[in-house]
Amino acid sequence: MRPWTFPVALRPSCTREPVFQQIAQAIRADIRRGRLRPGDPLPGSRSLAQTLTVHRNTVLAAYRELEAEGWTVAEQRTTRVALDLPQSVAAARPPLRGGGEGRLGYDLAAPGPRRAPREPNLLCFGGGLPDLRLVPTELLARAYRRALASRNLLGYGDARGEARFRSALARFLSETRGLAVSEDRLMVAGGSQGALDLVARTLIRPGDRVAVEDPGYPAAWATLRAAGAELVPVPVDEAGLQVESLAGRLEEGPLRAVYLTPHHQFPTTVTMNASRRLKLLDLARRHRLAVLEDDYDAEFHFECRPVLPLAGDDPGGVVVYLGTLSKILAPGLRLGFVAGPRVLVDALAARRETADGQGDQVVQRAAAELLEDGLLQRHARKMRRIYEVRREALARALRRHLAGAVAFDLPAGGMSLWLRVDPAIDTEAWAARAQRAGVGITTGRAFDFRGRPRPSLRLGFSALDERELEEAVRRLAQALRS
Ligand SMILES: Cc1ncc(COP(=O)(O)O)c(C=O)c1O
């Protein structure tokens, strides 16, 4: 490890405290507050003397004093912080890793608990994470290298996103999702979460009522709330969001927007039917309601043709379309986007300019190349075939090991199954036992607007292969019996 630099201001020579003691005192203070850790090397006496413009003997005197007090040890030609510090110091010090809570000497406008970190599971059903083992990293790395080498993407750029990426994305959306968008109607953001955040902060005024699906996607609820929205839950059934119920909520007072996942409803996986879609668009047009359509896993539809997005037929101009490459490529790349009218895109870009300026143009260009060459589309087709096999494998394993305990309809698409659990089973206790058996599952409670327990489970099948799915279900069954 490199020795630390020594930013200490020695007090003017008129003070009574000798300089060597000032140096020793500064080092003691750094050890106490954890800036210097046991085993860390101190700078060489010659270099520290140069930095502080003092005589080397002064530094040596300070080091001798620290050593005599047990703060440091001299070994070979280096002085290091002692491994066994005086007890009182060791007890008061912050822990070695991630240490130091830090005192907050001011108030936060928006304090808030973070989402609990994901538990590391041996086998995690995850909620629709792609299999990261199959991400085409070689292709991506080559494209990234080319994008980086061009250097012109290393400066500031367009807040809407890298031009070739938006243009390739526009073509992709037109070919695969029937959307007639051009690049200037696209805004690239940090995942669809980042896209929703931009939209929410552009659209919502504090106190605005925004309808959401119940059960639904809590991450989106948090984003909408952070923008000041008062959320209004609307129930979901086997045909998606109950539009009649939404109409009822509109009678109680105006709504600014409705956030929904019509293609594969999150978490129930159902697809919104055609008549509800038409009713929703009509209702939205009449009430000037923004329809925030989150089409997060459109590519993974296994039966005949996917249902096209609401945004594909939106004469009233009410739909704000949110998409992501998190499912077909990788969530860590944070490639999400919004498609909407130019006025909206410009407003979102202005918002982004005041936040972090722009996204990562190099990654966006790399993704553009994959799209232009058809490689991402080929990868998505490959993954669809793989996920379809996994969907079957999970269904088979559930029928074999858990028949009677759970029931489900095979979803037409998506990356998860939504299970109805026998109400006699305590789903939460089952999940806790499964966790101990090394299997991660998410219970219905996580998606309930009021956090009530629900006799349901959402099991993602995309991140585990067939053998792992079989093993995970076997353990799940064991956890149920134990
Ligand atoms: C409903 C829903 N929307 C969006 C996303 C994708 O989020 P992002 O693009 O921010 O990675 C997910 C991923 O889990 C999701 O479940």
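Trainee: Before that, what should I keep in mind about the model and its numbering?

Mentor: It's a predicted model, where local features need pLDDT of at least 70 and side-chain atom pairs count only at pLDDT 80 or more, while totals for chains, interfaces and linings use all residues. Residues are numbered from 1 along each chain as its sequence is written, and side-chain values use heavy atoms, with hydrogens and water left out.

Trainee: OK, what's the strand order in the open sheet of 8 strands?

Mentor: The order is E4-E11-E10-E9-E8-E5-E6-E7, and the pairing is mixed. Strands here are DSSP E runs of at least two residues, helices are H or I runs of at least four, and both are numbered from the N terminus. Two strands pair if DSSP finds at least two bridges between them.

Trainee: Which strands stand at the edges?

Mentor: E4 (186-189) and E7 (240-241) do; each has a single partner strand, so one side of each is left without a neighbour in the sheet. Further in, E5 (residues 209-214) and E8 (residues 257-260) are parallel, paired over 3 bridges. Val210 has Ala257 in E8 as its bridge partner.

Trainee: And which strands does helix H6 lie across?

Mentor: H6 (residues 163-177) lies across E4, E10 (319-324) and E11 (336-339), at about 110° to E4. Contact means heavy atoms within 4.5 Å. The axes are lines fitted to C-alpha atoms, for helices over the stretch in contact, with angles from 0 to 180 degrees between N-to-C directions.

Trainee: What about the sheet of 4 strands, what's its pairing?

Mentor: Antiparallel, in the order E12-E13-E16-E15, and that sheet is open too. E12 (406-407) and E15 (442-443) are at the edges with a single partner strand each, so one side of each lacks a neighbour in the sheet. Helix H13 (residues 375-402) packs on this sheet, touching E12, E13 and E16, and its direction makes about 20° with that of E13.

Trainee: How many bridges join E13 to E16?

Mentor: There are 5, between residues 416-421 of E13 and residues 456-460 of E16. Arg420 stands opposite Ser456 there.

Trainee: Switching to the ligand: which residues are around it?

Mentor: Gly191, Ser192, Gln193, Tyr217, Phe266, Asp294, Tyr296, Thr324, Ser326, Lys327 and Arg334, counting residues with a heavy atom within 4 Å. Helix H7 (residues 191-203) gives the largest share of that shell, 3 residues.

Trainee: Where are the polar contacts, meaning N or O pairs within 3.5 Å?

Mentor: A backbone N or O atom of Ser192 lies 2.7 Å from a ligand oxygen, and a polar backbone atom of Gln193 is 3.0 Å from a ligand oxygen. From the side chain of Lys327, an N or O atom is 2.9 Å from a ligand oxygen.

Note on methods
A polar contact is a pair of N or O atoms within 3.5 Å; within protein, one must be able to donate a hydrogen and the other to accept it, and residues adjacent in sequence count only if both atoms are side-chain atoms.
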